[in-house]
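Morning, everyone. Please have a look at the structure first.

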Amino acid sequence: LNITTDGKIVAGMIYYGKGNDLPELSCTGSSGLWYAETKYTFPGGRYLNFASVIINPGCTLIVFKHLNSAGSNKKFIGPQTIPNPPTGGPISDCISPATAPTPCVGSLLWTCNQTYPSCKPADKWHYVTELDNSAQSVTAQFTYQKTVGTEWSHSMTKSRSVSPTVTAEISAEFWGITAKMGISGTTTYDWTETDSSTKSESKSYTVEVTVPPKTKVIIMEVLGSCGGSKIHTQMFKIVDATNKVTLRTYHGAITTYDLTSDL
């Protein structure tokens with residue numbers, strides 16, 4: 001069962017045909033997908049067949065005996081499959097001329113810990129540090145800490161913590177959203193080709209730079225954002241601090257470079 005579909009979180013699925021204690025013989029008849037944060041009472045005061053149920057990881061289903069979330073209730077926490085829900089408590093036996101007795105409920109509520117990413121992506125050139133060798137008459141070595149990877153927002157962190165399956169699908173949806181930026185008109189970064197290091201949890205490493213004498217430079221990175229998530233890419237540039245001219249642009253896991261040939 002998919003975790004997402006049509007831009008929504010899938011909480012679970014209910015099959016309306018007769019269930020069976022053997023999972024292989026359950027999940028029959030028509031079925032319906034149910035989405036996160038759904039509170040439901042069947043129109044017209046009818047009760048809902050509750051024959052076989054699949055609940056996704058990170059999601060919870062609460063069923064009620066009566067309409068409009070009234071009466072006794074029972075909570076089912078995913079991931080789990082209920083091939084033939086036992087009657088009792090909020091689950092009743094419903095009988096119609098067309099079917100044998102089938103478990104049914106008066107109303108239900110679906111919730112999930114994960115949320116669908118619905119942010120608007122953007123990127124920019126972001127200041128990282130300044131390397132100042134302007135007062136010296138000899139070449140100097142500088143180091144700075146570069147961050148590569150993604151700092152996830154609170155909601156994305158919560159969604160990604162549910163299970164490996166949820167992490168994979170939610171992350172794929174997120175990177176699908178950022179890919180819509182294509183080749184950025186602001187930074188020229190190609191968001192359709194985001195590398196695995198950028199998609200991973202953010203990490204910092206040391207970069208060593210050789211700076212010529214009488215020179216001051218600014219290091220800037222391409223920083224993406226979507227909602228509260230920050231994306232530190234491997235693309236960065238060196239800017240002359242005096243005339244603001246870009247000396248060189250780099251893209252990749254570079255830990256050392258020499259600027260003496262650029263000036």
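This is a predicted model: local features need pLDDT of at least 70, side-chain atom pairs count only at pLDDT 80 or more; totals for chains, interfaces and linings use all residues.

The torsion about the S-S bond of Cys-59 and Cys-112 is about 105°, so this disulfide is right-handed. Cys-59 sits in strand E7 and Cys-112 in strand E12, 53 residues apart, which makes this a link between distant parts of the chain. The sulfur atoms are 2.1 Å from each other, and both Cys-59 and Cys-112 are buried.

Next come Cys-94 and Cys-104, whose sulfur atoms lie 1.6 Å apart in a disulfide. This pair connects strand E10, which holds Cys-94, with strand E11, which holds Cys-104, and the two cysteines are 10 residues apart. Here the torsion is about 65°, so this disulfide is right-handed too. Are these two cysteines buried or exposed? Cys-94 has 22% relative accessibility and therefore counts as partly exposed. Cys-104, at 0%, counts as buried.

The remaining pair is Cys-119 and Cys-226, with 2.0 Å from S to S. Its torsion is about 95°, so it is right-handed. Cys-119 is in the loop between E12 and strand E13, and Cys-226 is in strand E16, so the bond ties together parts 107 residues apart in sequence. Cys-119 and Cys-226 are both buried.

Counting bonded cysteines along the chain, the pattern is 1-4, 2-3, 5-6. Cys-27 is in no disulfide; the nearest cysteine sulfur belongs to Cys-59 and is 17 Å away. With a relative accessible area of 25%, Cys-27 is partly exposed.

Definitions and conventions:
Residues are numbered from 1 along each chain as its sequence is written. Side-chain values use heavy atoms; hydrogens and water are left out. A disulfide is a pair of cysteine sulfur atoms within 2.5 Å. Helices (H or I, at least four residues) and strands (E, at least two) are DSSP runs, numbered from the N terminus. Buried means under 20% relative accessible area, exposed over 50%, partly exposed in between (1.4 Å probe, protein chains only).
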